[in-house]
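Let's take a friendly walk through a protein model. Have a look at the structure below before reading on.

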Amino acid sequence: MLQTDTATPSAADGSKPSWTVALAQYREPSTARSTFEIAVTAVPFVGLWALAAVAVVHGHWWGLVLTIPAAGFLVRLFALQHDCGHGTLFSRRGLNDWTGRVLGVFTLTPYDYWRRTHAVHHATAGNLDKRGIGDVNTLTVREFRALPWLGRVRYRLYRHPLVMFGLGPAWLFLCQYRLPVGLMRAGAQPWVSTIATNFALVVPVAAMIWLVGLWPFLAVQVPITLLAATAGVWLFYVQHQFEETHWSGEGEWSFQHAALHGSSHYDLPWPLRWITGNIGIHHVHHLSAKIPFYRLPEVLRDHPDLRNVGRITLLESLKCVKLVLWDENARRLVSFREARVAA
């Protein structure tokens with residue numbers, strides 16, 4: 001185990017370039033380990049899906065209970081696809097990309113389109129002057145007050161939990177990822193990626209409908225997709241939308257400081273850490289996105305001063321739902337009520 005010494009950067013200062021050096025040793029993936037992680041995720045997912053479908057076909061609707069753990073394994077498949085997008089599951093880029101594209105058929109996520117927007121998110125997270133791509137739309141208190149009445153209503157609806165974690169995930173994975181209208185100026189790649197994923201979905205979906213029938217297919221696939229989509233959006237939300245997160249303007253913004261203090265350490269119980277691919281260790285992931293997900297716990301083990309940076313528990317994370325505006329004076333996220341009282 002490594003010891004923290006004078007050469008190790010302080011967790012209180014994410015701007016020190018020595019973090020890049022300190023975390024470089026964790027960036028090497030293991031092909032055997034990555035292959036194993038794919039197997040222990042994909043096989044249970046397919047098995048649970050098949051068992052649920054067989055149960056429904058034979059009239060045993062209790063089999064739909066299996067869609068809950070199946071959704072968990074689908075979230076983990078997305079975590080593996082996420083690592084492919086960062087080039088960390090395998091050492092070869094081509095192998096990462098094609099693995100990510102195949103996994104994208106399972107997760108309904110066009111890999112190349114998602115990878116592009118996610119790269120922008122990593123490059124601009126916490127930067128008030130570069131919001132809008134790959135993140136949750138967040139206004140400052142001043143910007144919200146400056147909106148006309150209708151604009152304030154729209155933002156309130158957008159940030160409402162029923163929209164953010166209900167309609168939003170369904171729209172994202174079932175509609176937006178089928179046709180990337182918002183990226184019409186980004187060139188052909190988002191469109192090629194999306195259309196290719198849509199065509200790749202045709203064969204397995206048609207085969208499943210032929211085997212089990214249309215309604216059993218929908219009865220199994222729809223809840224799995226919606227549950228996994230909601231869980232995925234919730235994880236992404238909590239990773240940056242917490243009270244003591246960090247936002248700053250372009251002149252003040254620093255990549256490493258924003259990565260360390262603008263991303264949370266979502267300290268989940270072990271089963272949830274496993275099923276989410278350690279993505280809760282998000283501050284370390286943003287510090288060095290090239291670290292494979294299964295090596296992130298090693299960083300916390302070797303650098304214990306990182307454990308409490310941005311740490312929120314499962315219970316504490318529920319309070320983050322009400323935090324919707326960035327208060328530039330208090331330098332923290334606040335609720336609509338807090339912003340109104342401060343005014």
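## About the model

This is a predicted model, in which local features need pLDDT of at least 70 and side-chain atom pairs count only at pLDDT 80 or more, while totals for chains, interfaces and linings use all residues. Residues are numbered from 1 along each chain as its sequence is written, and side-chain values use heavy atoms, leaving out hydrogens and water.

## The sheet

Strands here are DSSP runs (E, at least two residues), and helices are runs of H or I with at least four, numbered from the N terminus. Two strands pair if DSSP finds at least two bridges between them. An open sheet with mixed pairing is built from 3 strands, in the order E1-E4-E5. Its edge strands are E1 (139-140) and E5 (332-334), each pairing on one side only.

## Salt bridges

How many salt bridges does the structure hold? There are 15, where a salt bridge means a side-chain nitrogen of Lys or Arg within 4 Å of a carboxyl oxygen of Asp or Glu.

One of them joins Arg331 and Glu252 (2.9 Å, N to O). Arg331 sits in the loop between E4 and E5 and Glu252 in the loop between H10 and H11, so the pair ties together parts that are 79 residues apart in sequence.

Another joins Glu298 and Arg295 (3.1 Å, N to O). Arg295 counts as buried, at 17% relative accessibility, whereas Glu298 is partly exposed at 24%. Buried means under 20% relative accessible area, exposed over 50%, and partly exposed in between (1.4 Å probe, protein chains only).

## One exposed lysine

Lys319 lies in the loop between helix H15 (314-317) and E4. With 58% relative accessibility, Lys319 counts as exposed.
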